[in-house]
Amino acid sequence: MKKIIILIFAISLFAVLIKAKAMINEYDEIAKSDKVDVSLYAKKMNGVYTNFKINFQGGVLSRPYWINTTSPTWSPQIIYEDINKDGKNELIIILTKGYGTGILEREVHVFHLQNQLLSKKFVEVPVEVLVDDPIAIVLKNVKTELLPNKANISIGDKKYTIDIKSLGIKPEHLFADIYFGNIINFEIKDNQLIAKIGVQISPAGGYIGNIRITYMFKDNIYQAKSIEFEPHE
């Protein structure tokens, strides 16, 4: 009886693996890592990739609501680095949801790898952790004032004044206040997760720099470690 149960379990597991593989085969492979055995699969729907499958070392995770543009220039990025200083690499996936003239909307997902017991064997399983929304961080921590000739930005006790006269933007073409949201970018630099949020004062020709957010992992969430303004050169 015990042998029969083991045989049934083995057949069931084989069927699940075959089903998962067959399911992935119905999708397009849109990104692959050269550092770790990870591939991203998705389906093209209404001009974007969605309904993602993450193949991590043979196991499959589903992310049905992820979105990425179909442009090869903006394929998803797969990064495998230690960004929380725990001595182990994390899996970071950066998606591009939209792009265009003066527009870049990207989204980051971070997975910690945890050893879990599956089928009497410990295997590494990616577990997604929260990343604080960069726009929410900016709105909570950055104060702004937009005048006809200058833009004022305050972050804590740091104050920045940008002379905007040289941009030649007519006062009637200025926003009511400094705007954040058209450019949301993420990168990994020096083993740190960094977000860069575009700072704009006008719909056209009004880009004056970035708010740079460096993240740290604390209280089970990636949250702002530092916030700085980087003027556009």
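Arginine 212 is buried because its relative accessible area is 15%; buried means under 20%, exposed means over 50%, and partly exposed lies in between, with a 1.4 Å probe and protein chains only. Through salt bridges that share partners, Glu187, Lys196, Arg212 and Glu230 are joined into one network. A salt bridge is a side-chain nitrogen of Lys or Arg within 4 Å of a carboxyl oxygen of Asp or Glu.

The model is predicted: local features need pLDDT of at least 70 and side-chain atom pairs count only at pLDDT 80 or more, while totals for chains, interfaces and linings use all residues. Residues are numbered from 1 along each chain as its sequence is written, and side-chain values use heavy atoms, with hydrogens and water left out.

**Salt bridges.** The whole structure holds five salt bridges. One of them joins glutamate 128 to arginine 63, whose closest N and O atoms are 3.2 Å apart. These partners come from distant parts of the chain, 65 residues apart: glutamate 128 belongs to strand 8 (residues 121–131) and arginine 63 to strand 4 (residues 59–69). Strands (E, at least two residues) and helices (H or I, at least four residues) are DSSP runs, numbered from the N terminus.

Lysine 196 also forms a salt bridge with glutamate 230, at 3.8 Å from N to O. This pair links strand 13, which holds lysine 196, to strand 15 (residues 221–231), which holds glutamate 230, across 34 residues of sequence. Glutamate 230 meets arginine 212 in a salt bridge as well, at 3.5 Å from N to O. Arginine 212 is in strand 14 (residues 207–218) and glutamate 230 in strand 15, so this pair ties together parts that are 18 residues apart in sequence.

| Residue | Relative accessible area |
|---|---|
| Glutamate 128 | 31% |
| Arginine 63 | 21% |
| Lysine 196 | 23% |
| Glutamate 230 | 25% |

Glutamine 200 is placed in strand 13 (residues 192–200). With a relative accessible area of 6%, glutamine 200 is buried. Beyond its neighbours within four places in sequence, glutamine 200 is in contact (heavy atoms within 4.5 Å) with residues including Phe175, Tyr179 and Tyr207. Its side chain makes a polar contact of 3.1 Å with the side chain of asparagine 182. A polar contact is a pair of N or O atoms within 3.5 Å; within protein, one must be able to donate a hydrogen and the other to accept it, and residues adjacent in sequence count only if both atoms are side-chain atoms.

Serine 62 lies in strand 4 and is partly exposed, at 33% relative accessibility. Residues up to four places away in sequence aside, serine 62 touches Phe52 and Lys53. The side chains of serine 62 and lysine 53 are joined by a polar contact of 2.7 Å.

Three strands form an open, antiparallel sheet in the order 9-10-11. Strand 9 (142–146) and strand 11 (158–163) are at the edges with a single partner strand each, so one side of each has no neighbour in the sheet. Strand 9 and strand 10 (residues 150–155) pair over five bridges in the antiparallel sense; two strands pair if DSSP finds at least two bridges between them. Glutamate 145 has asparagine 152 in strand 10 as its bridge partner.
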